[in-house]
Amino acid sequence: AETWAIKPKKGKGPKQWGIADVFAEALRAPENSTHVLKPIPPRHVAGMTREEMLAGHDNICRETVKLGGRKARPDVHTLVGAVYSWPYKPEETDAELYSEWVKRSLAFHEAEFGVVHAAFEHTDESCPHLHVYTINNDAKNLHAGSRAKRQALEAEAEKPHQAYRDAMVGWQDRFYEIAGHPCGLLRLGPRRRRLEQPAVKAERHAAIATAKAQLRREQEIEAA
């Protein structure tokens, strides 16, 4: 997860991008997608379309001011976004679980950051992933890591960036609990646990089977 302002920082690269650059990359504008070998247009998943995004950002910020909020300067972060990655290639993916994962990822984002103002699916890299965005005049306060670091600085803690890292680990844990585990994904990679490939495949198949069985039970309960 990351936050951005309208006015980009000085320098080059994604970390110095402004909001217009972030939207351009999400929509696969050539100048902002040099990291992708063969860019293709993303699939619109939720919220604003590509044509609505920049104007929509400005309108939402203005509406916040009308409702009593504070007007954000161009260098104040007013966009929070996250990339949610599905770890399997299309040919290895169970379509039903992937669809459930998309739904749960959007629900997680909304619970963490607020309204999903735009969401797009990218399928032009090794594995599919979602770019999801929320517009807010105080975007940094929505970001768990930035919020924790600010609180640590205010408390004059010795290692404020450790508070940032800890908060983001917790954020990843919550995402796994809500969207990863229920869809058959594994929390820790095989390299970290030194697993052989057959063991990895067996564990993956077991997790997928368990997730599909649970999804079936939930569907039966809803249909009853």
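Modeller: β4 and strand β5 (residues 129-135) pair in the antiparallel sense over 5 bridges. This is a predicted model, in which local features need pLDDT of at least 70 and side-chain atom pairs count only at pLDDT 80 or more, while totals for chains, interfaces and linings use all residues. Residues are numbered from 1 along each chain as its sequence is written, and side-chain values use heavy atoms, with hydrogens and water left out.

Colleague: What makes β4 and β5 a pair?

Modeller: Two strands pair if DSSP finds at least two bridges between them. β4 and β5 have 5 bridges, so they meet that definition. One of the bridges joins A118 to Y133 in β5. The two strands form a hairpin, with 6 residues between them. As for the names, helices (H or I, at least four residues) and strands (E, at least two) are DSSP runs, numbered from the N terminus.

Colleague: Which sense of pairing do strand β2 and β4 have?

Modeller: Strand β2 (residues 43-47) pairs with β4 in the antiparallel sense, over 4 bridges. A46 has A119 in β4 as its bridge partner.

Colleague: How do you know that β4 is mostly covered?

Modeller: Buried means under 20% relative accessible area, exposed means over 50%, and partly exposed is in between (1.4 Å probe, protein chains only). In strand β4 (residues 118-122), 5 of its 5 residues are buried. Both faces are covered, with A118, F120 and H122 on one side and A119 and E121 on the other.

Colleague: Why is K212 said to form a salt bridge with E96?

Modeller: A salt bridge is a side-chain nitrogen of Lys or Arg within 4 Å of a carboxyl oxygen of Asp or Glu. The closest N and O atoms of K212 and E96 are 3.1 Å apart, so the pair qualifies. K212 is in helix α8 (residues 197-223) and E96 in helix α3 (residues 95-113), so the pair links distant parts of the chain, 116 residues apart. K212 is called partly exposed because its relative accessibility is 22%, and E96 is called partly exposed because its value is 27%.

Colleague: Is E100 buried or exposed?

Modeller: E100 is buried, because its relative accessible area is 10%. E100 forms a salt bridge with R104, with the closest N and O atoms 2.9 Å apart. Both lie in helix α3, 4 residues apart, about one turn of the helix.

Colleague: Why is E154 called exposed?

Modeller: E154 has a relative accessible area of 60%, so it counts as exposed. Its salt-bridge partner is R150, the closest N and O atoms being 3.5 Å apart. R150, at 35% relative accessibility, counts as partly exposed.

Colleague: How many salt bridges does a search of the whole structure find?

Modeller: The search finds 13. E25, R28, D124 and E125 are linked in a network of salt bridges.

Colleague: What makes a nonpolar core?

Modeller: A nonpolar core is a set of buried Ala, Val, Leu, Ile, Met, Phe, Trp, Tyr and Cys residues joined through side-chain atoms within 4.5 Å. The largest one has 31 residues, and those touching the most other members are Y84, W86, W101, L106, F113, V132 and W171. α3 gives the largest share of this core, 7 residues. A second, separate core of 14 residues includes A26, M53, A118 and F120.
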